[in-house]
Amino acid sequence: MPIRFFRPRQIALLALMLFMLTASISASAQDTVYVRQNLRILTSDDMHGRGYSFRGDSIAAQFLQGEIRRLGLKPFGGDFMQRYTFSIHSMEGPLSLRVGKRKLKPFDEFRVPSWCNSTWGKYKVITIPAETFIDADKFKSFIKKNNSLLENVFVYIDATRFNPPDEESNRHFVDMLQSLQRRNPFNSKGIVVGVKQLSTCSFSHADYKHDYAYFEVLASCLPDKFKELECTVFSQFHPAYPTQNVCGYIEGEVDTMIVYTAHYDHLGTMGDSIVFYGAHDNASGVATLLDLARISVAVKPHYTTVFYFFSGEEAGLRGSRYASEHPLFDFSKVRLLINIDMFCGGNEGIMVFNANDDKTRHYVDRLEKINSVLEIAPEIRRRENRPNSDHYFFSSKMPAVFVLSMGQPFGGYHDPKDQCDACGLKNYSNFITLISVLAEP
Ligand SMILES: [Zn+2]
């Protein structure tokens, strides 16, 4: 490392940084054990992927309540739980798909959205050439011709066989395909779409019950010709699913607050064989908050420090939105809210969203300055505000940033391979230091 010369202000800053560095690292480096232990619990089979099947969310919330109580945090208004409801689908039963003679593997070879209508049995399959599907006249005559047939069959569209003559017809085709996830123009029992690459699993379009089944399948896994499929899928729609945020605080020397947030929910299960463990997303953020709580109770913090764990993030920031609209504490007292979502790995540094806002800019400026001297993270990347995690609904009410790690190692994104052992914690202590710098007096 090259020799550097510092000006007096930099020396003062450096002294402060070194103090913080020693304080936070001595408190945390000895112990990625606690982080790993919580990561393992949160990603265990008992938590069912912390989603809305098998009450995974509530099992995780019970664990969090127990842990923050044990650490000595206090609840606002006598209850660590902030209960609310939202509409969601859960998929708990057996899940299978056989097309022709080929039995397909869930997740790797086919995917089912959680809103897929419960369907089981053998069905005839009618293949619609992609061209028919986007030509209004051809489509009308196809429906007319097959009207009575379609009701009890599956329609198959092979999206990989469509050669769009121009950009516009390609866009039109993509729009039509996407609309099949909201509406079934065939009124068929179900729809199968063959694709080159399966789309990322998520809880999109979860607001109402669909009356048809929908499978997305890797076209390369299907037999050349098939006229029949057999499937089993069970999904349940909960118009008012009861869930909860979990919140506790440590009283500081002053009533000004630092609020740490992280979502504890994940995608749950797809049928009875696929579990989305969500180590990176976001057991890592939750374990980081628990660790920060452990460190904070050891020395009475200067600021009153709040730890807020949300459910409903994967279903569209439901928990944090509810929390932002139903304050448990005086939002005007909050100095800074720091949301942590996806904190494994980080070999490339960290990214800070809402880093350029008037209310947050100076925090991130200082963080960059300190990092440029200490070289803790290879890069701190600044991003504008986006509704991409739980800081968002708070950001109009208080200074709020969202911090995530950049780069490997972690197991995957919205993938069953996102598991505890794939979550790298090599950079963890450094990142805890950066988080402490953000929150420093
Ligand atoms: Zn996610």
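Trainee: Where does Pro409 lie?
Mentor: Pro409 is in the loop that runs between strand 18 (400-406) and helix 10 (428-439). Helices here are DSSP runs of H or I with at least four residues, and strands are runs of E with at least two, both numbered from the N terminus. Residues are numbered from 1 along each chain as its sequence is written. Keep in mind that this is a predicted model, in which local features need pLDDT of at least 70 and side-chain atom pairs count only at pLDDT 80 or more, while totals for chains, interfaces and linings use all residues.

Trainee: And what is the peptide bond from Gln408 to Pro409, cis or trans?
Mentor: That bond is cis, with omega near -5 degrees. The peptide bond from Asp281 to Asn282 is also cis, its omega being near 0 degrees, and Asn282 sits in helix 7.

Trainee: Which residue has a positive phi although it is not a glycine?
Mentor: Arg50 does, with a phi of about 45 degrees, and Arg50 belongs to the loop between helix 2 and helix 3.

Trainee: OK, helix packing next. At what angle do helix 2 and helix 7 cross?
Mentor: The axes of helix 2 (residues 32-42) and helix 7 (residues 279-298) cross at roughly 135 degrees and come within 9 Å. The axes are lines fitted to C-alpha atoms, for helices over the stretch in contact, and the angles run from 0 to 180 degrees between N-to-C directions.

Trainee: Why are they called oblique to each other?
Mentor: Helix 2 and helix 7 are oblique because of that angle: under 35 degrees counts as roughly parallel, over 145 as roughly antiparallel, 65 to 115 as roughly perpendicular, and the rest as oblique.

Trainee: Which residues of helix 2 meet helix 7?
Mentor: Tyr34, Val35, Asn38, Leu39 and Leu42 do, and their partners in helix 7 include Ala283, Val286, Leu290 and Arg294; contact requires C-beta atoms, placed from the backbone, to lie within 7 Å.

Trainee: How does helix 3 run against helix 7, then?
Mentor: The axes of helix 3 (residues 56-71) and helix 7 cross at roughly 15 degrees and come within 10 Å, so helix 3 is roughly parallel to helix 7. Glu67, Ile68 and Leu71 of helix 3 make the contact with Leu290, Ala293, Arg294 and Val297 of helix 7.

Trainee: Switching to strands, how many form the open sheet?
Mentor: Eight strands form it, in the order 3-2-9-5-6-7-8-4, with mixed pairing; two strands pair if DSSP finds at least two bridges between them. Strand 3 (102-104) and strand 4 (110-111) are the edge strands, each pairing on one side only. Strand 6 (residues 154-158) and strand 7 (residues 190-195) run parallel and are joined by five bridges, and Tyr156 stands opposite Val192 in strand 7.

Trainee: Last one: how many helices and strands does the protein have?
Mentor: The protein has 10 helices and 18 strands, and its C-alpha atoms fill a box of roughly 80 × 50 × 35 Å along the principal axes.

Methods: Contact = placed C-beta atoms within 7 Å.
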